[in-house]
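The tour below moves from one selection to the next and states what is found at each stop.

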Amino acid sequence: MQEKILAVLEQREGQLKKVSYEVLSLANRLSKQLACECEGVILGDEISNITELNKYLSGRIVHFKNSQLNIYSPSAYSKIISNYINENQFTVIVFPNTALGIDLAPRIAIKTNSAIATDCIKVDLIDDNLVFTKPVYAGKSLINFKINSERKVFTIRPNIFKAEINEAANSSIEVREVSDLDLSTKVTSYKKSEGKLDVAEADIIVSGGRGMKGPENFHLIEELAEALGAAVGASRAVVDAGWRPHREQVGQTGKTVSPTLYIACGISGAIQHLAGMSSSKYIVAINKDKDAPIFNIADYGIAGDVFEIIPALTQEIKKIKS
Amino acid sequence: MKIAVCVSHVPDTATKIKISQDRKAIDQTGVTFIINPYDEFAIEEALKTKEKLGGDSSTCSITVGDDSAKETIRKALAIGIDEAVLLKTDKNPDSINIAKALAEEIKSLDSKIVFFGKQSVDYDSGIVGQLTAELLGYNCISVVVDLKIEGNKVIAEREIEGGREVVESELPIVITTQKGLNEPRYPTLKGIMAAKKKNITEKEIHFEQTSIEIIEMNLPPSKQPGRIVGTDVSAVPELVRLLREEAKVI
């Protein structure tokens, strides 16, 4: 059967999300491997940097436009996208594994009679079959699998797949005004959290654990994060103790993250924590206890006092950045 | 009204994973199973909703699994759930098959408010609640950290990257719960005794062929321990040099 690929792209408040380029690049690569057509779809109002998408794809990008689509509505989004899939007979549909993607993809899977898999970190064409890899048990193991269904929906973890500018890209953006939206479930407002950056989206994360001794010492973590342009993370122990909010929790029952650099401060490395961050590209551990399990997976470690080392590290980073 | 809560039976998060001999699943030998941690928030919210609605409202848990899941179901009953359904299978169904079985049971219970944990900590798919809602034609709000149900109206806050979305919808609804929504209560001794007398309805279920075909389960590539750069502040410049020149990450 002739495949046809659709990349579902995401914007927030009129700005394309970085993961959209990753989704589009993967879709473009798969369309070459499968020698098939590929399109992108995005919903929103005005999207300021939308023409950036043209660099990544050979194919059409359809922008369904309505001022009310600027913010997410599960009911409206799922209807528009699934109608588009059904009308144009897409067979492979790629979403980002973001808060929006993971909410939307399963609704669309049912509406389009597709099988679905989420949070894929690898997709390859092997013997004419798409073979997917996904972490399970919070990353303590991985499964390789096939999706045996004419139509496949899957989501990809952000920060894993490369956004590759395609020299031969010649896509065009086609705007389609839509009306009569189904707003039976809709977002009415957005509350930004106080922290600057979210651990799920950050390139660098500085995390603190029980070794920080108390919530009053987390300013050290925040200052280092600030110097690095990083997000603040936390271990489950300090979240359960009420020192830090749950949105910062990294690990099983928190967020699974794969940043470029993860700096663990005063974190011993419980199995649940390691599961959530061990796929980070580089890991730095700062901990007094040289036998802490975190050192088993760290690329670089300092087995010393966090209260001396973190401020010194912050100073050193500021020095090189200035 | 019956408030439904879907509960999974999963390996304890402290479990060290070993792969089974056929390399398609985990080796369950010696593994302790628990209530899926996110389902504890779903159970608590179901109980709170029942308390608020009062009258003849009651709570019913639904679990897909084999006989061993009864242990987890008893825990849910001990926490305060009124009755339970076990949809029995020895197979390892995929998310859509699980959702189909749950949707059918929810329909027969005629529940208009359904709670799920936002994901099970085994396969970590995070979609069964949304799939079930879609199959039922119910509204759905996922990853909820704050919830108000007034009559038919539902206002929830869901966690997203860097903040929260306030979402409005109506009954019938599926809510998937995230840590932070509530403080789950523990079973009391009285609850544990009462649970022994509560009813678990068992139903055999049969699945169509699963669409997800597992080729192989593997452990992640093990990371080589790196180096300890030093034991005090004198190591900081060297650490920064390594991050800049060797790792090239800052």
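Which residues point one way from strand 14 of chain A, and which the other way? Select this strand in the predicted model: A:Ile204, A:Val206 and A:Gly208 point to one side, while A:Ile205 and A:Ser207 point to the other. Residues on both sides are buried, and the strand, residues 204-208, is accordingly listed as mostly covered, with 5 of its 5 residues buried.

**Neighbours of strand 14 of chain A**

Strand 14 of chain A runs parallel to it, and 5 bridges join the two. Within this pairing, A:Ser207 stands opposite A:Ala264.

Now centre the view on A:Cys265. Apart from neighbours within four places in sequence, its contacts include A:Val206, A:Ser207 and A:Gly208. Also among them are A:Gly211, A:Met212, A:Ile221, A:Ile286, A:Val306 and A:Ile310.

**The largest nonpolar core**

A:Cys265 also belongs to the largest nonpolar core, which has 181 residues. A:Cys265, A:Val94, A:Val206 and B:Val5 are the members that touch the most other members. Helix 3 (residues 99-111) of chain A gives the most to this core, namely 8 residues. Domain 1 (4-177) and domain 2 (204-321) of chain A each provide at least three residues.

**The two domains of chain A**

Colour chain A by domain, with domain 1 at 4-177 and domain 2 at 204-321. Taken over C-alpha atoms, the centres of these domains are 32 Å apart. Their contact takes 6 residues from domain 1 of chain A and 9 residues from domain 2 of chain A. On the domain 1 side, the contacting residues are 2 nonpolar, 2 polar and 2 charged.

**The parallel sheet of chain A**

Select the open sheet of 7 strands in chain A, whose order is 7-11-6-1-4-5-12 and whose pairing is parallel. Its edges are strand 7 (115-120) and strand 12 (172-177) of chain A, each of which pairs on one side only. From one strand to the next, the twist averages 20 degrees.

Within this sheet, select strand 4 (residues 37-44) and strand 5 (residues 60-65) of chain A, which run parallel and are joined by 5 bridges. A:Leu43 stands opposite A:Phe64 in strand 5 of chain A. Then show helix 2 (residues 74-88) of chain A. This helix lies across strand 1 (4-8), strand 4, strand 5 and strand 6 (92-96) of chain A, and runs at about 160 degrees to strand 4 of chain A.

**A loop residue of chain A**

Move to A:Asp128, in the loop between strand 8 (122-126) and strand 9 (129-136) of chain A. Is A:Asp128 buried or exposed? A:Asp128 is exposed, because 7 other C-beta atoms lie within 10 Å, and a residue counts as exposed at 12 or fewer. A distance of 37 Å separates its C-alpha atom from that of A:Leu69, 59 residues apart along the chain.

**The hairpins of chain B**

Turn to chain B and select strand 7 and strand 8, which pair in the antiparallel sense over 6 bridges. B:Val144 stands opposite B:Arg158 in strand 8 of chain B. The two strands form a hairpin with 2 residues between them, and B:Gly151 in the turn has a positive phi of about 60 degrees.

Strand 8 of chain B is mostly covered, with 6 of its 8 residues buried. Strand 8 of chain B also runs antiparallel to strand 9 of chain B, through 8 bridges, with B:Ile155 opposite B:Glu168. This pair likewise forms a hairpin with 2 residues between the strands; B:Gly162 in its turn has a positive phi of about 75 degrees.

**Where the chains meet**

Finally, show both chains together: 69 residues of chain B are in contact with 75 residues of chain A. Strand 9 of chain B supplies the largest share of the chain B side, 8 residues. By class, the chain B side divides into 36 nonpolar, 16 polar and 17 charged residues.

Which strand of chain B is joined to strand 13 (residues 186-192) of chain A? The partner is strand 9 of chain B, running antiparallel and joined by 6 bridges. To end the tour, select A:Lys191 and its bridge partner B:Arg164 in strand 9 of chain B.

How values were computed. Residues numbered from 1 in each chain as written. Chains lettered and ligands numbered in written order. Predicted model: local features only at pLDDT ≥ 70, side-chain atom pairs only at ≥ 80, totals over all residues. Domains from an automatic or database assignment. Contact = placed C-beta atoms within 7 Å. Nonpolar A, V, L, I, M, F, W, Y, C, P; charged D, E, K, R; others polar. Helix = DSSP H or I, 4+ residues; strand = E, 2+ residues; numbered from the N terminus. Pairing = 2+ DSSP bridges. Core = buried A, V, L, I, M, F, W, Y, C linked by C-beta atoms within 7 Å. Buried ≥ 20, exposed ≤ 12 C-beta atoms within 10 Å, placed from the backbone. Axes fitted to C-alpha atoms, helices over the stretch in contact; angles between N-to-C directions.
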